[in-house]
Amino acid sequence: MNSKQVAEIFHLSIDTLRYYERVGAIPPIERDENGYRNYQTGDMNWIFLARNLRAAGLSMEALIEFSKLAQLGAVQDVSAAQKAILNDQLEKINEKMEELSKVRRILEYKIDTYDDHLAKALSGELTGENAEKMWEIDYYHLKNEQQPVII
């Protein structure tokens, strides 16, 4: 498969494919007798993985290290080092997902209580002195309850 076809499949530019190869984010691509890149299934798997690892926040440096380790494969056991790179990124994603989940619950709470809070503010019932302390609310338990749970 040629560069244009691969770029279309993965929604990447041809320049990005070449960049990934040039910096070592993917292993070198085999070329035909005319010097054109000839992508095989294994190459496309690498591109798929590289694209998704980048989307997951893996740094280019870590991606290059991961790729270079794979290219050493038969020379030495690199599986532990590669798994460490992947596990580190998974941990970062899990932390980010937890953070986003909390922010999502806060947004849901604000949307669910917006009209009530606005009505109370407009009527004068809600003031700066009697406002809820948002930082003390347990947002994990809000969805099934009307009143905030104070932690």
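This is a predicted model: local features need pLDDT of at least 70, side-chain atom pairs count only at pLDDT 80 or more; totals for chains, interfaces and linings use all residues.

Me: Start with the core. Which residues have the most contacts inside the largest nonpolar core?

Reply: V6, L17, I26, Y39, I47 and L63 have the most contacts there, in a core of 24 residues.

Me: And which helices supply at least two residues each?

Reply: α1, α2, α3 (41–55) and α4 each do. The one that gives the most is α4, with six residues.

Me: What is L17 in contact with?

Reply: Leaving aside neighbours within four places in sequence, L17 is in contact with S3, V6, A7, L12, I26, Y39 and I47. Of these, V6, I26, Y39 and I47 are also on the list of core residues with the most contacts.

Me: Now E21. Where is E21, and is it buried or exposed?

Reply: E21 is in helix α2. Its relative accessible area is 14%, and the cut-off for buried is under 20%, so E21 counts as buried.

Me: What does the side chain of E21 join in a polar contact?

Reply: The side chain of R37, at 2.6 Å. Not counting residues up to four places away in sequence, E21 touches R37 along with I26, P27, P28, I29 and R31.

Me: Where is the kink in α5?

Reply: The kink is centred on Y114 and is about 55°.

Me: Which residues of α5 are buried, and what covers them?

Reply: The buried ones are Q82, I85, Q89, R105, Y109, T113 and H117. What covers them includes α4 (60–72).

Me: Some of those numbers sit four apart. Why would that be?

Reply: An α-helix has 3.6 residues a turn, so residues three or four places apart point the same way. In α5, R105, Y109, T113 and H117 are among the buried residues.

Me: What follows α5?

Reply: G124, with a positive phi near 90°.

Me: Which residue other than glycine has a positive phi?

Reply: H11 has one, near 55°. Most residues other than glycine have a negative phi. H11 is found in the loop between α1 (3–10) and α2 (14–23).

Me: Is H11 buried or exposed?

Reply: Exposed, with a relative accessible area of 66%.

Note on methods: Residues are numbered from 1 along each chain as its sequence is written. Side-chain values use heavy atoms; hydrogens and water are left out. Helices (H or I, at least four residues) and strands (E, at least two) are DSSP runs, numbered from the N terminus. Buried means under 20% relative accessible area, exposed over 50%, partly exposed in between (1.4 Å probe, protein chains only). The bend at a residue is the angle between axes fitted to the seven residues ending there and the seven starting there. Contact means heavy atoms within 4.5 Å. A polar contact is a pair of N or O atoms within 3.5 Å; within protein, one must be able to donate a hydrogen and the other to accept it, and residues adjacent in sequence count only if both atoms are side-chain atoms. A nonpolar core is a set of buried Ala, Val, Leu, Ile, Met, Phe, Trp, Tyr and Cys residues joined through side-chain atoms within 4.5 Å.
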